[in-house]
Amino acid sequence: RHGTHVAGIIGADRKNDVGIKGIADNVRIMSVRAVPNGDERDKDIANAILYPVDNGAQIINMSFGKSFSPQKEAVDKAVKYAESKGVLIIHAAGNDGDDLDKESNYPTKVLKNGIEAKTWLEIGASSWGADGNFVGSFSNYGKKSVDLFAPGVQIYSTVPGDHYEDLQGTSMACPATAGVAALIMSYYPDLTADQVKSILKESTRK
């Protein structure tokens, strides 16, 4: 259900009048199940990055996270590999209402050696309010740790069985961002992942 909702936000059919219109219409979704019903294992996350990179993915949407990372080296290695292949990684900041400049949420764009991954975007969830009500009440945030906020409160999208539901979370904000990144890449295929990341960050409303 979670993955179907995420995929719909990115790429639901825009040409019919059923349900919702996804953000990007020129996409193919490669679904990779990395998270069981519980904490994901670092080795599984590393493999879930390596597999799409090796099979032609240009963007990896990661709508998951946790507070501990006992095998962070394996994930870091996969992230560096994705960066070397020019793949954009977009990760949900998490739903604990925490300041990620002070609290941990994994996986993270900061590698164990302190260097930041160049092709990683960390996404918080915005609501439709202004000023103090702009950020979803549950969303993690962080001046240094979170790159931008995207719609993540009461988002209507696809769920299994030809149904539609409102769900909320940074898990929804993440594909909203991935959909925009895919749209940019489909219009401007010569842009690098790093350039697309810069365009998204610089076109935000402060």
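The crossing of helices α1 and α4 is right-handed; a crossing counts as right-handed if the near helix is turned clockwise from the far one by less than a right angle, and left-handed if anticlockwise. The contact is made by H2, H5, V6, I9 and I10 of α1 with S171, M172, P175, A176, A178 and G179 of α4. Contact means heavy atoms within 4.5 Å. By class, this contact has 7 nonpolar, 4 polar and no charged residues. Here Ala, Val, Leu, Ile, Met, Phe, Trp, Tyr, Cys and Pro count as nonpolar, Asp, Glu, Lys and Arg as charged, and the others, Gly among them, as polar.

The model is predicted: local features need pLDDT of at least 70 and side-chain atom pairs count only at pLDDT 80 or more, while totals for chains, interfaces and linings use all residues. Residues are numbered from 1 along each chain as its sequence is written, and side-chain values use heavy atoms, with hydrogens and water left out.

Back to the helix pair. Two packed helices are described by the angle between their axes and the distance between the axes. Helix α1 covers residues 2-11 and helix α4 covers residues 170-187. They pack at an angle of about 30 degrees, with their axes 8 Å apart. Axes are lines fitted to C-alpha atoms, for helices over the stretch in contact, and angles run from 0 to 180 degrees between N-to-C directions. Helices (H or I, at least four residues) and strands (E, at least two) are DSSP runs, numbered from the N terminus.

What does α1 bury? H5, V6, G8, I9 and I10 are buried in this helix. Buried means under 20% relative accessible area, exposed over 50%, and partly exposed in between, with a 1.4 Å probe and protein chains only. The buried residues of α1 pack against β1, β5, β6 and α4.

Next come β5 and β6. Two strands pair if DSSP finds at least two bridges between them. S157 has E165 of β6 as its bridge partner. The hairpin of β5 and β6 has 3 residues between the strands, and G161 takes a positive phi near 85 degrees there.

Strands of a sheet pair through backbone hydrogen bonds, either parallel or antiparallel. This sheet has 4 strands in the order β1-β2-β3-β4, with parallel pairing. Its edge strands are β1 (59-62) and β4 (148-151), each pairing on one side only. Neighbouring strands are turned by 30 degrees against each other on average, direction ignored. Strand β2 (residues 88-92) is joined to strand β3 (residues 120-126) by 4 bridges. I90 has L121 of β3 as its bridge partner. Helix α5, residues 193-202, lies across β2, β3 and β4 and runs at about 30 degrees to β3.

Which residues have the most contacts inside the largest nonpolar core? They are L88, I90, L121, I123, V196 and L200, in a core of 26 residues. A nonpolar core is a set of buried Ala, Val, Leu, Ile, Met, Phe, Trp, Tyr and Cys residues joined through side-chain atoms within 4.5 Å. Each of α1, β2, β3, β4, α4 and α5 supplies at least two residues of this core. Helix α4 gives the most, with 8 residues. A second, separate core of 18 residues includes A46, A48, A78 and L111.

T177 is found in helix α4. Its relative accessible area is 3%, so T177 is buried. Beyond residues up to four places away in sequence, T177 touches I90, L121, I123, L148, A150 and L200.

Helix α3, residues 72-84, holds V79 and also A82. V79 is buried at 1% relative accessible area, and A82 counts as buried at 0% relative accessibility. Leaving aside neighbours within four places in sequence, V79 is in contact with I49, I89, L111, A117 and W120. With that same exclusion, A82 is in contact with I49, V53, V87 and I89. The C-alpha atoms of V79 and T108 are separated by 9.5 Å, although these residues are 29 apart along the chain. For A82 and D54, 28 residues apart along the chain, the C-alpha separation is 8.9 Å.
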